[in-house]
Amino acid sequence: MSERTAPFLALDIGTAKTVAVVARRRPEGGVDVLHLVEVPTGMGLRHGMVVNIDATLAVVARVAETLQEKIETNFSEVRATISGAHLACLDNEGIVPVHGAEVSEQDVARVLEAAKQLPLAEDRQLLHALVQEFVLDDLGGIANPVGMSGRKLAVRVHVVTGLKSATHNLVKCIRRAGLNLTTLMVQGLAAAQAVLTEDEKALGVLLLDIGAGTTDMVVYAQGAVRYCTALPLGGDRITHDIAMALRTPAADAERLKCAYGAASYDWVAMDEFVDAPAIGDRPPRRLARQRLVDVIHPRVEEIFEMALETLREQGLEEQISAGVVLTGGSAKLSGISDLAEAVFGAPARVGIPYLSNEAEKWEDPAYAAVSGLLHAQWGDAAVWTKRRSGWFAQLLRWFFGTENR
């Protein structure tokens, strides 16, 4: 079995659950999904960051063993997501003179290396270097300048960084589980690869991937990433609010949220009721379903307003002409796109990934990030990658990612 057709693993390690998909590349292109496993993450992560290495390692090892038993072989490569409020981003630029009559691959390598020379704090790790455009002399908006004539080559990149400690702890858990980690991708960028259209990226769009511990936020405009971060609020906060307001155990609050929750009153009838289990040996209470909306609506609205304020601070509020796309487990709340449209004053939709023809039950916004890992190609987004050697590999590490530090 060649490395190209050998099974590989996509691993989305979230605060509440870990989703893993094993797939195989088709010779003609694309991938076939072989198996999907979803297990609770437990207490290993908080707000997207590893807080208990042993617990996280145990979950990753359990997932890997389960899937390896199903396919009866090891994985040729492992791709994983990373998230957390520790993520930060900035724009940078590199400029070099062109050697010769036209731009060569070496010129591109040099300009990307120049863009790489940016001051990072000692505790920061470079995760992504996303090319926004090349500029040749005074001509901008160039996707690939190789072969073009000019004297001065520049590149504008969007850099995403994370805390070294957070990155290293996650990598450590995956590799200690015996997995050959090759790619690490920010969760929101992975979700964007799965659900955004090229038209949305060109017109300008905001993706919100609402996980349990954080909400990843990605803005595309003119076909390139303009902003990427993670907000410190997610679905767990909604569950906590339900548990407190209804005086019900956290597990039952999560069940009520998933089964009956809604972000808009328009989706709940006045005569609908739910049974809320009580704490201890008290009998359950029968409550109007709208009581759930009383709790869920303001918290989801807070997440959206936090994202809107971030857009305004970055000067990007007017750049999302195509609207808002919602992914993550909380995107399944009834009426959530209606609330998003009301807050952002723009069209909104729930992004549904597509894993395979035989996997209709997997077409779920909660699986957007793991689906994006499966289908991301070198040209789709820059990703952290395993160390390679050679000058052209160095170019790839920067153009499509960064070396393992």
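**Figure 1. Strand β6 and its neighbours in the predicted model.** In this predicted model, β6 and strand β11 (residues 181-186) pair in the parallel sense over five bridges. Within this pairing, Ala80 stands opposite Leu184 in β11. Strand β1 (residues 8-13) is also joined to β6, here by three bridges, and these two strands run parallel as well. The bridge partner of Leu9 in β6 is Val78.

Figure 2. Is strand β6 enclosed or open to the outside? Five of the five residues of β6 (residues 78-82) are buried, so the strand is largely enclosed by the rest of the structure. Val78, Ala80 and Ile82 point one way from the strand, while Arg79 and Thr81 point the other way, and all of them are buried. Arg79 also belongs to a network of salt bridges in which it is linked with Arg25 and Glu77.

**Figure 3. Helix α4 against helix α10.** The axes of helix α4 (residues 187-195) and helix α10 (residues 368-375) come within 7 Å and cross at roughly 75°. Angles from 65 to 115 degrees count as roughly perpendicular, and α4 and α10 are therefore roughly perpendicular to each other. On the side of α4, the residues in contact are Gln187, Ala190, Ala191, Gln193, Ala194 and Val195, and they meet Ala368, Ala369, Ser371, Gly372 and Leu373 in α10. Helix α4 is mostly covered, since eight of its nine residues are buried; among them are Gly188, Leu189 and Ala192, together with Gln187 and Val195.

Figure 4. As a general point, side chains of opposite charge can pair when their charged atoms come close. The structure holds 17 salt bridges, and in one of them the side chains of Arg156 and Glu133 meet, with a distance of 2.4 Å from N to O. This pair links distant parts of the chain, with Arg156 in strand β10 (residues 152-163) and Glu133 in strand β8 (residues 124-136), 23 residues apart. Arg156 is partly exposed, with a relative accessible area of 34%, whereas Glu133 counts as buried at 18% relative accessibility.

Figure 5. Arg286 forms a salt bridge with Asp275, and the closest N and O atoms of the two are 3.1 Å apart. Because Arg286 lies in strand β16 (residues 285-288) and Asp275 in strand β15 (residues 273-276), the pair ties together parts that are 11 residues apart in sequence. Arg286 is exposed, with a relative accessible area of 56%, while Asp275, at 43% relative accessibility, counts as partly exposed.

**Figure 6. A salt bridge between two loops.** The side chains of Asp364 and Lys332 meet in a salt bridge, with 3.2 Å from N to O. Asp364 lies in the loop between β18 (348-350) and α10, and Lys332 in the loop between β17 (324-327) and α9 (336-344), so the pair ties together parts that are 32 residues apart in sequence.

Definitions and conventions: Residues are numbered from 1 along each chain as its sequence is written. This is a predicted model: local features need pLDDT of at least 70, side-chain atom pairs count only at pLDDT 80 or more; totals for chains, interfaces and linings use all residues. Side-chain values use heavy atoms; hydrogens and water are left out. Axes are lines fitted to C-alpha atoms, for helices over the stretch in contact, and angles run from 0 to 180 degrees between N-to-C directions. Helices (H or I, at least four residues) and strands (E, at least two) are DSSP runs, numbered from the N terminus. Angles under 35 degrees count as roughly parallel, over 145 as roughly antiparallel, 65 to 115 as roughly perpendicular and the rest as oblique. Contact means heavy atoms within 4.5 Å. Buried means under 20% relative accessible area, exposed over 50%, partly exposed in between (1.4 Å probe, protein chains only). Two strands pair if DSSP finds at least two bridges between them. A salt bridge is a side-chain nitrogen of Lys or Arg within 4 Å of a carboxyl oxygen of Asp or Glu.
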